[in-house]
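Colleague: I would like a close look at the helix packing in this model. Please take one part and work through it slowly.

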Amino acid sequence: MQDAFAYCAELIRTADRDRFLSSLFAPAEHRAALHALYAFNVEAARVREVAREPLPGEIRLQWWSEVVNGERAEEAAANPVASALLTVIERHRLAAPALTALLEARRFDLYDEPMARLADLEAYARKTSSALLAVAAQILAGGKGEVTETVANPAGIAYAIAGLVRAFPLHAARRQLYVPLELLERQGVEPQDVFAGRSSKNLRAVFADLEEVARSHLLAAHQQLATLPDAALPAFLPVALVRPSLDRLARRDPFAPIELSPWRRQWLIWRAARNPARIAG
C-alpha cells in the first residue's frame, strides 16, 4: 500500500505541482491522503487525453465511478491510484456522491459541445474544482470543525476559471469551448472565430467579463475565509495563484497567455501558507 501512495505523490509532483507543493504545508500524517485525492483528480481530468475518443472516455469515467462506490474492489487493488483512494475514502469517511459528481461533470470534457451559459460553467467548476477543495479540507480538518461550502464553492469557481482562461489556446485548437456561448454572443463573437484563432477587441471583452466573474468569486471566498478551521487552510493554498494569474492574463492576448513562472508560483503558495489572508486576497 505504501507503494500506491508513493505512486500518487510522484504523479501529482509531475502533473499537478501546485497542489503537490501545497500539500507539503499540510501535517505529515495527512499528506498521503491528499496525494491520493489529487492523483484521482489528475486521472479524471486527463481522461480525454488518455482515451482520445468519447466512448473509451465514458468507459473510463464509469470505471472510476464504480471504484468510488466500492464495486470494483479487485480491479482497484491493481491500480495504485484507485487502491490508495479507496483507503482514504474509508479512513476519512469521505462521501462517495461528491466524487461521483466530479466524475459526472468531467464527461463534458469528452465532447466538443460548447458550454452554453455562465451558470453551466459555474456548475461545472463547483462539481470539479470546488468539490476537490471541500474534500481535501475534510481530510485535513477531521473532527476539528465543519468545512462549509461558503468558501470552497467560490474559491473553486475562481480557481477553475483562471485555469480555463490559461488553457484557452489549447482548448480552442481542439475545438473545445469552455467560454460560455452566452458571453460570446453578448460581445458578438462567433465560435468559429475562436476555433480559427482570430483575436479581436470583442474577444478580449469576453475575457474581461469572464475574469470579472472569477474576481467576484475570489472576493466572496476571501470574505468567508476566516470561517475555515485552521487545519483546512493548506487545501486552499493553490487559490493564492488565482489573482496573480488573472492580473497577468488580463494584459495578454487570449491566444497567447503566459504562465506564472514556477518559482513565482512556489513563492505565492509559500507566502499564503505564512499568511492565510493572502489565499484569496
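What follows is a walk through the helix contacts, and then some residues beside them.

Modeller: A caution first: this is a predicted model.

Start with helix H5, residues 54-68. H5 has 15 residues, which should span 21 Å at 1.5 Å a residue.

Which residues of H5 are buried? They are Gly57, Leu61, Trp63, Trp64, Ser65, Glu66, Val67 and Val68. These buried residues pack against several helices: H3 (28-45), H4 (47-51), H6 (73-77), H7 and H8. Just after H5 comes Gly70, with a positive phi of about 75°.

Now take one of those partners, H3. The axes of H3 and H5 are 10 Å apart, at an angle of about 155°. The cut-off for roughly antiparallel is over 145 degrees, so H3 counts as roughly antiparallel to H5. On the H3 side, the contact uses Phe40, Glu43 and Ala44. On the H5 side, Arg60, Leu61, Trp64 and Val68 meet them. By class, this contact has 5 nonpolar and 2 charged residues, with no polar ones. Of the H5 residues in this contact, Leu61, Trp64 and Val68 are also among the buried ones.

H3 has another residue to look at: Tyr38. Is Tyr38 buried or exposed? Its relative accessible area is 3%, so Tyr38 is buried; the limit is under 20%. Leaving aside residues up to four places away in sequence, Tyr38 touches Ile12, Arg19, Leu132, Ala136 and Ala235. Arg19 lies 19 residues from Tyr38 along the chain, yet their C-alpha atoms are separated by 7.4 Å.

Helix H10 covers residues 149-166, 18 residues in total. From first C-alpha to last, H10 reaches 25 Å, close to the 26 Å expected at 1.5 Å a residue. Why call H10 largely enclosed by the rest of the structure? Because 14 of its 18 residues are buried.

Helix H9 spans residues 118-141 and packs on H10 at an angle of about 115°, with the axes 7 Å apart. H9 and H10 are therefore roughly perpendicular to each other. Their crossing is right-handed. H9 brings Leu121, Glu122, Ala125, Arg126, Ser129, Ser130, Leu133 and Ala134 to the contact. H10 answers with Ala152, Asn153, Ala155, Gly156, Ile157, Tyr159, Ala160, Ile161 and Leu164. By class, this contact has 11 nonpolar, 4 polar and 2 charged residues.

Last, two loop residues. Arg93 sits in the loop between helix H7 (80-92) and helix H8 (96-105). H7 and H8 are also among the helices that the buried residues of H5 pack against. Phi of Arg93 is near 55°, a positive value in a residue other than glycine. Arg93 has 74% relative accessibility, so it counts as exposed.

Arg175 lies in the loop between helix H11 (168-173) and helix H12 (181-186). Its phi is near 60°, again positive in a residue other than glycine. At 40% relative accessibility, Arg175 counts as partly exposed.

Methods:
Residues are numbered from 1 along each chain as its sequence is written. This is a predicted model: local features need pLDDT of at least 70, side-chain atom pairs count only at pLDDT 80 or more; totals for chains, interfaces and linings use all residues. Side-chain values use heavy atoms; hydrogens and water are left out. Helices (H or I, at least four residues) and strands (E, at least two) are DSSP runs, numbered from the N terminus. Buried means under 20% relative accessible area, exposed over 50%, partly exposed in between (1.4 Å probe, protein chains only). The expected span of a helix is 1.5 Å times one less than its number of residues. Contact means heavy atoms within 4.5 Å. Axes are lines fitted to C-alpha atoms, for helices over the stretch in contact, and angles run from 0 to 180 degrees between N-to-C directions. Angles under 35 degrees count as roughly parallel, over 145 as roughly antiparallel, 65 to 115 as roughly perpendicular and the rest as oblique. A crossing is left-handed if the near helix is turned anticlockwise from the far one by less than a right angle, and right-handed if clockwise. Ala, Val, Leu, Ile, Met, Phe, Trp, Tyr, Cys and Pro count as nonpolar, Asp, Glu, Lys and Arg as charged, and the others, Gly among them, as polar.
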